[in-house]
Amino acid sequence: MPKFLLTTAQGIEDIAAKEIERILSDLVLKIKIRPWGIEGRILLETKEGYYLDEKGKKRPISIGEVLTKNSRTLHRIISLLTVSRARNLEEIENVTREVDIEAYLKEKESFGVRAERFGSHEFRSVDIARVVGRIIQEKTKAPVNLDHPAVIIRAELIGDIFILGVDITGDHSLHRRPWRVYDHPAHLKASIANALIELSKPEGIFADPFCGSGTIPIELALRGYKNRIICLEKFRKHLTGAKMNAIAAGVFDKIEFVLGDATKLSKYVEEVNTVVSNLPYGLKIGKKGMIPKLYSEFFSELSKVLNGRGVFITTEKNAIEKAIEEHGFKILEKRIIGHGGLDVHCYVIR
Ligand SMILES: C[S@@+](CC[C@H](N)C(=O)[O-])C[C@H]1O[C@@H](n2cnc3c(N)ncnc32)[C@H](O)[C@@H]1O
């Protein structure tokens with residue numbers, strides 16, 4: 001049965017797993033989030049699926065292709081070759097020798113090994129990549145190309161669990177969307193934007209009052225959202241960037257772009273039903289002292305217009321909790337999400 005190791009952002013594995021179940025439906029045999037305690041990973045086992053082509057011939061469904069096309073929360077899809085125990089480089093070498101890698105590498109096709117290690121070992125991940133690469137080359141005679149390989153082999157050692165697979169996604173993670181032509185310095189990963197959208201259960205008028213380069217509104221529009229979507233941003237440069245991104249994504253006409261101040265939100269909208277936003281962090285805007293006042297003024301405005309759910313992420317835990325409480329909102333859910341090496345706090349409020 002086909003098995004996959006999937007990667008996503010830490011803290012949204014459950015949301016990604018639900019999305020996979022929705023996409024693959026009864027093809028899913030087993031799904032496990034954070035296997036071996038590793039965050040940001042999902043282990044998936046599926047049934048073989050088939051479809052009938054135009055001539056009525058039975059063809060196998062490529063689970064990797066289906067997930068690549070339809071998932072909005074996954075980063076990487078790795079087709080598993082083996083999951084075995086290995087405590088040292090010699091055992092890694094033995095396991096690699098046993099794998100039927102020839103089935104995945106065509107003659108003269110170049111390959112590269114990308115290795116990662118979790119836990120304490122007396123060797124580095126480059127040593128794993130070197131050993132695995134040598135054995136694959138001995139077995140297949142395929143040329144190594146570390147910069148632009150035709151096939152990427154992923155090797156992960158988690159404690160003494162050794163995982164070897166073919167990375168279907170390639171070197172560019174799926175969260176790097178092709179529509180991003182304007183690169184905001186603090187942009188949100190599209191995978192996390194989608195997880196926040198899921199948590200918000202969007203309905204009615206939707207707004208991101210600190211929309212930056214537009215990641216959240218653009219991803220919502222790409223999901224086919226039928227109601228109004230408002231993208232509010234204080235700085236013209238970023239709002240122009242958001243418009244450029246929306247044009248590249250083909251959803252410019254689905255979003256209302258407003259140049260304005262989120263602490264005066266009620267000036268621009270009378271009522272909103274769903275608000276999702278990645279609030280400015282002190283770290284990123286360089287004026288950490290201003291954050292409590294900014295959050296307090298924003299949540300005060302929000303209390304005038306929000307009739308529904310809000311989902312927010314920030315590193316500024318104390319400031320947001322104080323502002324939420326001060327302005328009469330109720331926290332429905334809290335979680336921590338890994339973003340760009342930081343732990344960001346996520347709140348679902350009403
Ligand atoms: C963390 S960034 C949002 C990034 C966005 N999610 C993206 O993916 O591009 C926060 C944004 O809030 C904007 N901002 C800061 N103060 C604001 C205010 N008072 N009103 C509206 N926008 C503001 C900043 O210019 C910045 O673009």
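This is a predicted model: local features need pLDDT of at least 70, side-chain atom pairs count only at pLDDT 80 or more; totals for chains, interfaces and linings use all residues.
To see one of the pairings, pick R114: its bridge partner in β8 is R154.

As background, strands of a sheet pair through backbone hydrogen bonds, and the pairing is either parallel or antiparallel.

Next, select the other sheet described here. It is also open, with 7 strands and mixed pairing, and its order is β12-β11-β10-β13-β14-β16-β15. The edge strands are β12 (256–259) and β15 (331–339), each of which pairs on one side only. From one strand to the next, the twist averages 15°.

β15 and β16 run antiparallel and are joined by 8 bridges. Within this pair, select G338, which stands opposite D343 in β16.

Then show the helices that go with this sheet. Helix α10 (residues 317–326) packs on the sheet and touches β14, β15 and β16. The direction of α10 makes about 10° with that of β16. Helix α9 (residues 291–305) lies across β13 (272–278), β14 (306–314) and β16. With β14, helix α9 makes an angle of about 155°.

Last, select the ligand and the residues around it. How many residues surround the ligand? There are 21, and the closest are H184, S213, T215, E233 and A262. Colour the shell by residue type: 10 of its residues are nonpolar, 8 are polar and 3 are charged.

- S213: an N or O atom in its side chain is 2.5 Å from an oxygen atom of the ligand.
- E233: an N or O atom in its side chain is 2.7 Å from an oxygen atom of the ligand.
- K234: a polar backbone atom is 3.2 Å from a nitrogen atom of the ligand.

To finish, show the protein surface around the ligand. On its own, the ligand has 610 Å² of accessible area, and the protein covers 96% of that area.

How values were computed: Residues are numbered from 1 along each chain as its sequence is written. Side-chain values use heavy atoms; hydrogens and water are left out. A residue is near a molecule or strand if one of its heavy atoms lies within 4 Å of it. A polar contact is a pair of N or O atoms within 3.5 Å; within protein, one must be able to donate a hydrogen and the other to accept it, and residues adjacent in sequence count only if both atoms are side-chain atoms. Accessible areas come from the Shrake-Rupley method with a 1.4 Å probe; for residues, only the protein chains shown count as cover. Ala, Val, Leu, Ile, Met, Phe, Trp, Tyr, Cys and Pro count as nonpolar, Asp, Glu, Lys and Arg as charged, and the others, Gly among them, as polar. Two strands pair if DSSP finds at least two bridges between them. Helices (H or I, at least four residues) and strands (E, at least two) are DSSP runs, numbered from the N terminus. Axes are lines fitted to C-alpha atoms, for helices over the stretch in contact, and angles run from 0 to 180 degrees between N-to-C directions. Contact means heavy atoms within 4.5 Å.
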